[in-house]
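Please look at the sequence and the structure shown below.

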There are 2 protein chains.
Amino acid sequence: MNELDLVAWVRRQARGRRPGLAAGIGDDCAIYRPRGASVDLLLTTDMLIEDVHFRRGQPAERLGHNVLARGLSDIAAMGGDPRICLLSLAVPEWADEAWVKRFYRGLLKLARETGTVLAGGDLARAGKLAGDIVVCGEAPRGEALRRDRARRVDDIFVSGPLGGAAARGYADAIQPRLEFGRTLRGRARAAMDVSDGLALDLHRLCLASGVAAELDEVPMAPGATLDQALHGGEDYELLFTARAAVPGAIRIGRIVNGPAGEVRFRGERLEPRGYDHFSRR
Amino acid sequence: MNELDLVAWVRRQARGRRPGLAAGIGDDCAIYRPRGASVDLLLTTDMLIEDVHFRRGQPAERLGHNVLARGLSDIAAMGGDPRICLLSLAVPEWADEAWVKRFYRGLLKLARETGTVLAGGDLARAGKLAGDIVVCGEAPRGEALRRDRARRVDDIFVSGPLGGAAARGYADAIQPRLEFGRTLRGRARAAMDVSDGLALDLHRLCLASGVAAELDEVPMAPGATLDQALHGGEDYELLFTARAAVPGAIRIGRIVNGPAGEVRFRGERLEPRGYDHFSRR
């Protein structure tokens, strides 16, 4: 059972009355509308687990930065503004007090730079480091971008070239595309971030929208191979569809008729292979 | 460094402009007020980690129930109504598909019973099971209960006898006191849930409020020892202070003058010993 299958199963089980909930399981964030509010709330949660998402030995500041950046990227993908975050952190023996403080400093620096307030969390000891970031953001009511809105006439775009993270051995400090995401409100039809590779994430966007896609070109970051650009993951660029060109974005293809979720490239079906944290063992 | 020290350090580091944030690090939930909303949002996150919070072999349904129940208890402690939840789950080899589905069924049953909608989350593989629940709740604007509001004239109460979870070997399905929590709005002055034992949690409430406490009696659950009632943890009763008696609550003492955080019982200072998930190794 892979992540998509399990997510689909959970979504079926969780069906029912969903007061105030505009979008939920399967998108980058849940969208929730509190009574009377002029904004929609965006809620996302992302794990960072030792030996799954990272290996010991990385600088603590960068890990703290990246755990928040991954959550912020989900907010960017919905065109939102981050407001508050909560961090759950399980700390292993090897991470001493100085390490933990460097980790928090990395997180808090990015929080300040993006107007995000660390508002709480949970702490525990564990055998391996495990973090889970919760980010709560806002978008003007009804304007949050979703991945299930792509339609057949749309062009497909990315906010930048891909494969750079893989080419550099996943050693980057992730830069969430918050500014760019905000400019997509009212312009993009469907959007998500490219966290697990273009092939897998475009497949997910098409599946959620019930459409297929035809890729014309894949912009490669300096030093990246085509395989890294298609399947590398961790680039955190934004992937979106729109009816007209968007300044600063690279057009890579278009939405077409075809089986839901199918992505075609150079005349062949592209395998939705990428960084599936769940099916990978 | 224990949990309280680290939380205090993080709180100092995270200081600054906090628009919309009424309470944050150190309480059961963060309180956030979206623009225009007639409600305050309550946000909480709680981890459940194999070999830290539970041992393998427990029924999957009960674990799924308990991971959500722990988050709901934080909402109850603030007098809130739960709305949506998100689950991050890292699944180890030993948990097969059937196990994971039973885990979700336990969580979703409690979600339905309490009007909580599972709205998203994250999935990964890991060496040990690690879950992190996010619960988003609401309270009428300005009415959420906080742990830092106890004053010297208050009496101290609990919603039920203590030590039962420890006496039964922590094998209970946790019952979050949501109904009781709602009845405390406008009645209680300060409140929190007893997750880590009365001695430690009352110490935390007093520390946050800058007051001391004098315990007169400790109501023991059937089969529980005094030590279990004071230090056992996992009871998830509500601990609160109020100026007048509250139906259904047990009076256990009063707020007094004294060093912030000090709890006295039978003429002696009670050690703030309990289930500190962070300092325990």
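The paragraphs below treat the interface and then the cysteines.

This is a predicted model, in which local features need pLDDT of at least 70 and side-chain atom pairs count only at pLDDT 80 or more, while totals for chains, interfaces and linings use all residues. Residues are numbered from 1 along each chain as its sequence is written, chains are lettered from A and ligands numbered from 1 in written order, and side-chain values use heavy atoms, without hydrogens and water.

The size of an interface is often given as the accessible area lost when the parts come together. Here chain B and chain A bury about 5700 Å² between them, 66% of it on carbon and sulfur atoms; this buried area is the accessible area (1.4 Å probe) lost on putting the two parts together, summed over both. Chain B and chain A each give 64 residues to the contact (heavy atoms within 4.5 Å).

Two salt bridges cross this interface, a salt bridge being a side-chain nitrogen of Lys or Arg within 4 Å of a carboxyl oxygen of Asp or Glu. Glu138(B) pairs in this way with Arg35(A), their closest N and O atoms lying 3.4 Å apart.

The structure holds zero disulfides over all chains, where a disulfide is a pair of cysteine sulfur atoms within 2.5 Å.
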